[in-house]
Amino acid sequence: MSTAAALSPETMAIVKASAPALQSHGLAITQRMYERLFVDTDIKALFDQAAQESGEQPKRLAAAILAYAQNIDKLQNLTPAVERMVARHVETGVKAEHYPHVANALLPAIRDVLGAEAATDELLAAWGEAYWFLANILIGKERELYDAAA
Ligand code: HEM
C-alpha cells in the first residue's frame, strides 16, 4: 500500500456530501468523462469499445466513484473493489502516466454535468485531492504487479 498523506477531514466531508449528487448524476458524469478522455486516441485504444457502447464501463466507473465518495472515511470497505480495478488495469496495460488524463477528464466532466453553481471550486479541489489519493493507491499496487511480472 502506498503511504500517501491522509486526506483532511474537510476534504473527506466535502467529497462525502457530494455522494447524493453522484448518485443522481454519476452516469452522466462518467459518460461525459469518457467523451473528454477519448479525444486522445492512444488512451481510447486501452478500452474495450464494446463495454463502452453497452454502457457497462461508464456504469462500473460511476459505481466505483459513488462507492468511493460514500466510503472515503472507511476505505477498508473498498479493498475488494480496489483489487478488481488493479487486476483489470494491469490486464489492460494502464500505467501511472495515464492517471493525469483521467483526472483532467473527470474533474471538468463533474463541472459540465453538475454546473458551476453546484460544482464549486471547493468541490472540484476536494475531488481532485480525493482522485489522486485513490489513484496513488492504485498506481502503487499496479506497479507491484508489473514489477513482479517483469
Ligand atoms: C482513480 C482512478 C480510476 C478508477 C477509480 C478506475 C476505476 C475502474 C473500474 C471500477 C474499472 C472496472 C473494473 C471491473 O471490471 O470490475 C476499471 C477498468 C478499467 N480502467 Fe480504470 N480507473 C481509474 C483509472 C484509470 C486510468 C488512469 C485508466 C487509463 C487511462 C483506466 C483504464 C481502465 C481500463 C482500460 C479498464 C478496463 C475497461 C474495459 O473493460 O474496457 N482507469 N477502472
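The paragraphs below lead through the spaces in this predicted model, beginning with the ligand and then turning to the cavities.

The space that the ligand takes up is the largest pocket of the structure. Helices α5 (56-70), α6 (79-92), α7 (99-118) and α8 (121-149) each give two or more residues to the shell around the ligand, and among the elements α6 gives the most, with 5 residues. There are 20 residues around the ligand, of which F47, D48, R88, H89 and V102 come nearest. Sorted by class, this shell holds 12 nonpolar, 4 polar and 4 charged residues.

Rolling a probe the size of a water molecule over the atoms shows where empty space is left. A search of the whole structure finds 2 cavities of 30 Å³ or more. The largest cavity, with a volume of about 50 Å³, is lined by L22, G26, I29, T30, A62, I65, L106 and I110. Its lining draws two or more residues from each of α2 (19-37), α5 and α7, with the largest share, 4 residues, coming from α2; by class, the lining has 6 nonpolar, 2 polar and no charged residues.

The second largest cavity holds about 40 Å³ of space, and its lining includes A64, Y68, V82, M85 and L134. Here α5 and α6 are the elements that give two or more residues, and the lining divides into 8 nonpolar, no polar and no charged residues.

Key:
Residues are numbered from 1 along each chain as its sequence is written. This is a predicted model: local features need pLDDT of at least 70, side-chain atom pairs count only at pLDDT 80 or more; totals for chains, interfaces and linings use all residues. Side-chain values use heavy atoms; hydrogens and water are left out. A residue is near a molecule or strand if one of its heavy atoms lies within 4 Å of it. On a 1 Å grid over the protein atoms alone, a cavity is a set of points where a 1.4 Å probe fits but cannot get out, and a pocket is an open set with protein on both sides within 12 Å along at least five of seven lines; lining residues have an atom within 4 Å of a point. A molecule sits in a cavity or pocket if more than half of its atoms lie within 2 Å of its grid points. Ala, Val, Leu, Ile, Met, Phe, Trp, Tyr, Cys and Pro count as nonpolar, Asp, Glu, Lys and Arg as charged, and the others, Gly among them, as polar. Grid points are joined across faces, edges and corners, and a volume is the space filled by probe spheres set on the points.
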